[in-house]
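Please look over the model shown below before reading on. The report after it is meant to be read with the sequence and the coordinates at hand.

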Amino acid sequence: MKTEKNFPLVGLAVPLFCAWQARDLINAWRHSPHDRLGWLALLVWLAPVARRIAGKKRAELSASFILMGAAIGCGLAGELTELHFLGHVALALALAGWLKISFRSLAWLLTAVAWMPVFGWWLAPVSEALILPLRLALALAGAFCVWPVKKIES
Amino acid sequence: MNSRSQKILATGLLLAILLALVWDRVPLADAQSRVTGIATTGLGFTSREMPLNETEKSIFGEAQVVKRLYRAGREDFVVVIIDGARNRHAVHDPAYCFRGAGWTIAGERLLAMPGGTGKILSLHKGNETREAAFWFSDGRERHAQVARGWWQTALRRMTFGASGPAPVLVLVQPLNGSSTDWERLPTQLPGLFEL
């Protein structure tokens, strides 16, 4: 059976590997008061990738070799050192691999901290009630960085 | 991405999965004997075990944890010792955990102790004021730098334990508010400084 989209297998396998390495996120989002509902920030942050995959024809879909390679390296480093943060970065790199590399996409990549527990750790002195809005605002700002804007014809 | 790039990535991914599986299977020497060997009674102090609650059990997982109530003189201390060799993620920044439990960190100061320094946190929640001290110990050196603790455990993991003994996190919470004379702790509970 042919599918409408033809994803390169490795382009799917790398994010899956990284998602497995970052599975602690679920625990953090469920139990840590500073990280609660962080998955909402991930959904917002991920919107440009979803839009690109949904909007492209199968022949145009391609993942970045550099970012996918960096994701594998980072995920492995996270496993060897048992540092969750590296696993989270690996997942961000693997997901970012589906966008074209540009200054804007790199800026968007940096805003991935919005859904990571490290963001809650940095903002630990801030009121818990403020952390989720800050996460969402940062994820939204990142998504706007790479969201395609149609030029207005004069 | 051309097919050659895809092959390189696929090979890298397989190698990473294999390495991750192998690494995970290699057991690390833990600090179990140090943690469980701490004196329960001694000159001027007694103690009793405190059971872990369900949340603590789920957080600590396979980590070796001792939670004990010590009485030294007229003072009561809750002592938690965590050896994260079997579950490094059981060891958190205590300041972060206290904030998560609703406490505000009003201040922190260093505590000189044999083999290095610990840290004393001043905690506030509503009208309640408390203090807690913590430090990491590998049996020889003591410090209260969370990033250094992470680095120590990461290095141990990468070298299969060759970089040094397992560091343990020691957390001491007096139950009498903020009137503890911390300088006396090494004489009140000397076992904590032999870990």
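Predicted model: local features only at pLDDT ≥ 70, side-chain atom pairs only at ≥ 80, totals over all residues.

Residues are numbered from 1 along each chain as its sequence is written, chains are lettered from A and ligands numbered from 1 in the order in which they are written, and side-chain values use heavy atoms, with hydrogens and water left out.

**Chain B in outline**

The predictor gives the complex an ipTM of 0.80 and a pTM of 0.78. Chain B has six helices and eight strands, where helices (H or I, at least four residues) and strands (E, at least two) are DSSP runs numbered from the N terminus. Their order from the N terminus is α-α-β-α-β-β-α-β-β-β-β-α-β-α. Along the principal axes, the C-alpha atoms of chain B fill a box of roughly 70 × 35 × 30 Å. Of its 195 residues, 47% count as buried; buried means under 20% relative accessible area, exposed over 50%, and partly exposed in between, with a 1.4 Å probe and protein chains only.

**Strand β8 of chain B**

Strand β8 (residues 168-174) of chain B is largely enclosed by the rest of the structure, because seven of its seven residues are buried. B:Val168, B:Val170, B:Val172 and B:Pro174 point one way from this strand, whereas B:Leu169, B:Leu171 and B:Gln173 point the other way. Strand β3 (residues 75-83) of chain B pairs with β8(B) in the antiparallel sense over seven bridges, two strands being paired if DSSP finds at least two bridges between them. Here B:Val78 has B:Gln173 in β8(B) as its bridge partner. Strand β6 (residues 128-137) of chain B also pairs with β8(B) in the antiparallel sense, over five bridges, and B:Ala133 has B:Val172 as its bridge partner in β8(B).

**Salt bridges**

A search of the whole structure finds 11 salt bridges over all chains, a salt bridge being a side-chain nitrogen of Lys or Arg within 4 Å of a carboxyl oxygen of Asp or Glu. Among them are the following.

| A:Glu82 | B:Arg157 | 3.8 Å |

The salt bridge of A:Glu82 and B:Arg157 crosses between chains, from the loop between α4 and α5 (84-96) of chain A to helix α5 (residues 146-158) of chain B, and both residues are buried. B:Glu49 is partly exposed, with a relative accessible area of 47%, whereas B:Arg68 is buried at 5%. B:Glu128 is partly exposed at 36% relative accessible area, and B:Arg130 counts as partly exposed at 26%.

**A nonpolar surface patch**

A:Phe65, A:Ile66, A:Ile101, A:Phe103, A:Leu106 and B:Ile8 form a nonpolar patch on the surface, with about 630 Å² of accessible area together. The elements that give two or more residues to this patch are α4 (65-81) and α6 (103-110) of chain A. Patches are made of residues with over 30% relative accessible area and no salt bridge, with like charges joined within 9 Å and nonpolar side chains (Val, Leu, Ile, Met, Phe, Trp, Tyr) within 5 Å; accessible areas come from the Shrake-Rupley method with a 1.4 Å probe, and for residues only the protein chains shown count as cover. A:Ile66 lies in helix α4 of chain A and counts as exposed at 59% relative accessibility.
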